[in-house]
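Please open the model in your viewer and keep the selection tool at hand. The tour below goes from stop to stop, naming what to select and then saying what is there.

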Amino acid sequence: MYNFTLNILRLLPPEIAHSITIKTLKYLRLKSKNFDDQILSQHILGLDFPNPIGLAAGFDKNAEVMNSMFSFGFGFVEVGTVTPMPQYGNTKPRVFRLTEDKAIINSLGFNNNGSKKIKKNLNNNRNAEFNNKIIGINIGKNKNSINAIDDYLYLIQDLGHLASYITVNISSPNTAGLRDMQLRGNIEKLIKKIVKKRDEIDSINNKPILIKLSPDLNEDQLRDIALISLANNIDGLILTNTTTNRNQKLLSQYKNKNGGLSGQPLFERSNQTLRKMFTLTNGQIPLIGVGGIFSGSDCYAKIKSGASLVQLYTSLVYSGPGLISKIKNELIDLIKTDGYKNISEVIGKSV
Ligand SMILES: Cc1cc2nc3c(=O)[nH]c(=O)nc-3n(C[C@H](O)[C@H](O)[C@H](O)COP(=O)(O)O)c2cc1C
């Protein structure tokens, strides 16, 4: 049934297909029937992850379909990016499927319903069956905000209590100036302030804070971020967001569109960033590997490159939700074949 639906959705422009998917999933109210093999379970960031595969930010921007995503077998779901005020994002068309390349280019620009509406959705959708599930909230700044850091502080205070963990997104290429927040002086100021804010509020002071980074940072920038993250006890790093680099040999007619490239052409680039960060942090900070995962062996490669957990988005568009169970089964086979007892034993093995 999913393959049939996918074939129809593929005939539609990507953003319309996405909005139909979200509306359908909202009303289907699927039930969870996934029980994961213990070999995939880990205790990381103070949380019990039943399996290491998460939904990456951007699919469920408004926290509308988390429950359906858990029913497809994800171990955790990251919603957002959420900004303080609702915003439309950039002009359309702003999402392109590069089918021949198994990739997407998007220049959405944080289109979302704003924190007030998303808070309501999170409250409504956290029902009994899903109460113990791991939900990350990915936060970002409004396009026209006067003080970017204030946007992040506001969102931590407003939504933090509803999150299992908070992701600070400073790596989207589609909001002017956002990625400059990754530069040494800026990121240090930001991290110090968000950690202080988190620690001041009783209902939030146990929530892990993760920073999501770009695959386009150079070695020096990665070193700066590693040192600042270690010095300020950042709980985790997410590697990576989409790339603006176009060195990859792309085939699709949309290859020169503006925006961030995701999917298979991002795989190696994000793995390199992951490996570098694992080395720079001495494996002391949990890393979430994202970018170009289409199979169990792709997940395995990311974990061997230093990821404790992984996330995906683009492959879901091409392969549908059946992919998650398939990936988990492949992963279990790979772990057993190599003689490990738990996924955690694989982390960083190829670095
Ligand atoms: C259409 C689309 C929208 C996205 N929106 C966001 C977003 O709002 N916030 C964010 O942190 N990442 C966003 N991403 C990036 C993904 O979370 C992920 O980091 C990236 O796509 C690489 O993973 P993938 O190759 O599995 O898609 C988006 C990606 C796509 C394709």
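In which loop is Phe110 found? Select Phe110, and you will see that it is found in the loop between β6 and α4 (114-125), where helices (H or I, at least four residues) and strands (E, at least two) are DSSP runs, numbered from the N terminus. Before going further, note that residues are numbered from 1 along each chain as its sequence is written. This is a predicted model, in which local features need pLDDT of at least 70 and side-chain atom pairs count only at pLDDT 80 or more, while totals for chains, interfaces and linings use all residues.

Most residues other than glycine have a negative phi, and most peptide bonds are trans. A residue is called buried if 20 or more other C-beta atoms lie within 10 Å of its own, exposed if 12 or fewer, and partly exposed in between, with C-beta atoms placed from the backbone. Phe110 counts as buried because it has 23 C-beta neighbours inside 10 Å.

Now select Asn282, in the loop between α8 (267-280) and β12, where phi is also positive, near 55°. Is Asn282 buried or exposed? Asn282 is exposed, since 10 other C-beta atoms lie within 10 Å.

**Two cis peptide bonds**

Next, select Lys92 and Pro93, which are joined by a cis peptide bond with omega about 0°; Pro93 has its place in the loop between β4 and β5 (95-98). Then move to Leu239 and Thr240, where another cis peptide bond has omega about 15°, and where Thr240 belongs to the loop between β10 and β11.

**The barrel**

Select the strands β3, β4, β7, β8, β9, β10, β12 and β13, which in that order form a closed barrel of 8 strands with parallel pairing; two strands pair if DSSP finds at least two bridges between them. On average, neighbouring strands of this sheet are turned by 25° against each other, direction ignored, where the axes are lines fitted to C-alpha atoms, for helices over the stretch in contact, and angles run from 0 to 180 degrees between N-to-C directions.

Begin with strand β8 (residues 165-169), which is largely enclosed by the rest of the structure because 5 of its 5 residues are buried. Tyr165, Thr167 and Asn169 point one way from β8, whereas Ile166 and Val168 point the other way. On one side, 4 bridges join β8 to strand β7 (residues 134-139), running parallel, and there Asn138 has Thr167 as its bridge partner. A further 4 bridges join β8 to β9, again parallel, with Val168 standing opposite Ile211.

Strand β9 (residues 209-213) is joined to β10 by 4 bridges, and Lys212 is the bridge partner of Ile238. In β12, the bridge partner of Ile238 is Ile288, and Ile288 in turn stands opposite Leu309 in β13.

**A covered helix**

Select helix α9 (residues 296-304), which is mostly covered, with 8 of its 9 residues buried. Among the buried residues are Cys299, Tyr300 and Ile303. Against what do the buried residues of α9 pack? They pack against β3 (53-55), α8, β12, β13 and α11 (322-337), contact being counted if two C-beta atoms, placed from the backbone, lie within 7 Å.

**The ligand**

Finally, select the ligand and the 27 residues around it, of which Ala56, Gly58, Ser262, Tyr313 and Thr314 come nearest; a residue is near a molecule or strand if its C-beta atom, placed from the backbone, lies within 6 Å of it. The shell divides into 10 nonpolar, 15 polar and 2 charged residues, where Ala, Val, Leu, Ile, Met, Phe, Trp, Tyr, Cys and Pro count as nonpolar, Asp, Glu, Lys and Arg as charged, and the others, Gly among them, as polar.
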